[in-house]
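Hi,

Here is the structure I promised to pass on. Have a look at it first, and then read my notes below.

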Amino acid sequence: MLPKTFTEILLGGLAPDGGLAMPESYPKISPAELESWRSLDYPSLAFEILSRFMDDIPADDLRTLITRTYTDEIFGSEEVTPVQTLESNLHLLHLSNGPTLAFKDIAMQFLGNLFEYVLAKNNDELNILGATSGDTGSSAEYAMRGKRGIRVFMLSPYGKMSAFQTAQMFSLQDNNIFNIAIEGVFDDCQDIVKTVSNDQVFKQKYRIGAVNSINWARIAAQIIYYFKAYFAVTRSNGEAVSFSVPSGNFGNIFAGHVARMMGLPIKQLILATNENDVLNEFFRTGLYRPRTTTETKQTSSPSMDISKASNFERFIFDLTGRDAARIKELWKLVDQGGSFDLSDTDLWKKIRDFGIISGTSNHAERITTIRKIHHKFNILIDTHTADGLKVGMELREPDVPLICLETALPVKFADSIQEAVGFVPEQPDGYDNLEKLPQRFERMTADAEQVKRFIAHQVGPSNQMHG
């Protein structure tokens, strides 16, 4: 596609041919700049990083949006993403102190303010269509609820999320929030979002935008905490660290990949999957084989029950040296339900240059990890973070500090926590009766046309958006 500005990309979500938008190049951060960032607080660091990607938003406006987002009222501390040291060279990066208790809040709260700002400026409206396996949905809804000019249509797999995750979304009564429970798995929901987004006529008529991690702004906002965590555990830029990242849709670890490409001294990015180990299979063998919806397993780390990782396409684009034609060729196979194997190609040799290694975890292992971590350090972690710690501790190098990304609070997965440690985690203030609140949602079969009709009906000619 022809180059577009950041705000044009922000509202559109996907590129016109259904691909994902990418910046033409990554900003390179010099050692001197890196040194000068070391002492910055979260909002100042966020400005330094985001202003390099969001070049069409005036600096003062961007600062205001950032300052309004990253507050201790919203994130529970001025640090926003505090790092906790468990033992020498083992750290936990806390990312789940936002309103929905999951790491998605860090980007999504900013996105809510950003969307509202851009829409008000253009006197425009937007219908956000998203898919969630648990956390994106609630963090998007909490960030967009009551925002002017925005409606959210969120698809989730019916009966496949934890009770807490479901209640977080379905209990919202704001009239700009629509929950659609799809009979199927997360990949069905994601496919519907792609199908609707690829219908250019419908997309333009109903102003459809995206909020999943396919939205570049989400990735950009997640890069910040990699830098912040690096500064928290090192004393000088001569030191390298590794990160362990529980991975489903590849957005979180992709932000780490971008940070590394920008010049952050990251030795390894350790990718952790659950029983749905498509990405682990790729990084170990070179074969990328998304599973069918019937092959996708329902697990106790449900936000990672994904077998077609959207952002993986972005990584392979970098791996090919940004060869769009080659990506088209590979993804044609994927879109036809097939797979591709890079093990005998020039690309496979290049893969180690990117520092990504991988491992996998299963239910028994994550329960054991939760129990061990609680016993040893007296802290509770959730099931996804447990996958990250299990794989990270297995694959880490002895003298390199390892930072494990926490992805959600344990209260969201109470059944598994009970199984691991024999008690249910405490509900944070304000969440006590969440699962008893009335729920509001539409149940549908996995049919893009039905979803389109529902959107068209809600937007309606009387609410038709201009543009």
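This is a predicted model: local features need pLDDT of at least 70, side-chain atom pairs count only at pLDDT 80 or more; totals for chains, interfaces and linings use all residues.

Residues are numbered from 1 along each chain as its sequence is written, and side-chain values use heavy atoms, with hydrogens and water left out.

Let's start with helix α11. Helices (H or I, at least four residues) and strands (E, at least two) are DSSP runs, numbered from the N terminus. At the beginning of α11, Asn 215 has a side-chain oxygen that comes within 2.9 Å of the backbone nitrogen of Ala 217.

A nonpolar core is a set of buried Ala, Val, Leu, Ile, Met, Phe, Trp, Tyr and Cys residues joined through side-chain atoms within 4.5 Å. The largest one has 106 residues, and Trp 216, Tyr 226, Phe 227, Phe 250 and Phe 312 have the most contacts inside it. Its largest share, 14 residues, is supplied by α11. Another core, of 22 residues, lies apart from it and includes Val 193, Ile 208, Met 444 and Val 451. What does Phe 227 touch, leaving aside its neighbours within four places in sequence? Its contacts (heavy atoms within 4.5 Å) are Leu 34, Trp 37, Leu 45, Ile 49, Ala 259, Met 262 and Leu 264.

Now the charged pairs. A salt bridge is a side-chain nitrogen of Lys or Arg within 4 Å of a carboxyl oxygen of Asp or Glu, and by this rule there are 23 of them. Here are some to look up:

- Arg 396 and Glu 87 form a salt bridge, with their closest N and O atoms 3.5 Å apart. Arg 396 sits in the loop between α18 (383–395) and β12 (402–405) and Glu 87 in strand β1 (residues 83–87), so this pair ties together parts 309 residues apart in sequence. Arg 396 is partly exposed at 27% relative accessible area, and Glu 87 is partly exposed at 26%.
- Glu 275 and Arg 366 pair up with their closest N and O atoms 2.7 Å apart. Glu 275 is in the loop between β8 (266–273) and α13 (278–285) and Arg 366 in helix α17 (residues 363–377), so parts 91 residues apart in sequence are tied together. Arg 366 is buried, with a relative accessible area of 0%.
- Glu 33, Glu 48 and Arg 52 are joined in a salt-bridge network.

Finally, two backbone spots. Arg 322 has a phi near 65°, a positive value in a residue other than glycine; Arg 322 is in the loop between α14 (312–319) and α15 (324–335) and is partly exposed at 26% relative accessibility. Asn 378, with phi near 55°, is another non-glycine residue with a positive value. Asn 378 lies in the loop between α17 and α18 and counts as exposed, at 61% relative accessibility.

Cheers

Definitions and conventions
Buried means under 20% relative accessible area, exposed over 50%, partly exposed in between (1.4 Å probe, protein chains only). A polar contact is a pair of N or O atoms within 3.5 Å; within protein, one must be able to donate a hydrogen and the other to accept it, and residues adjacent in sequence count only if both atoms are side-chain atoms.
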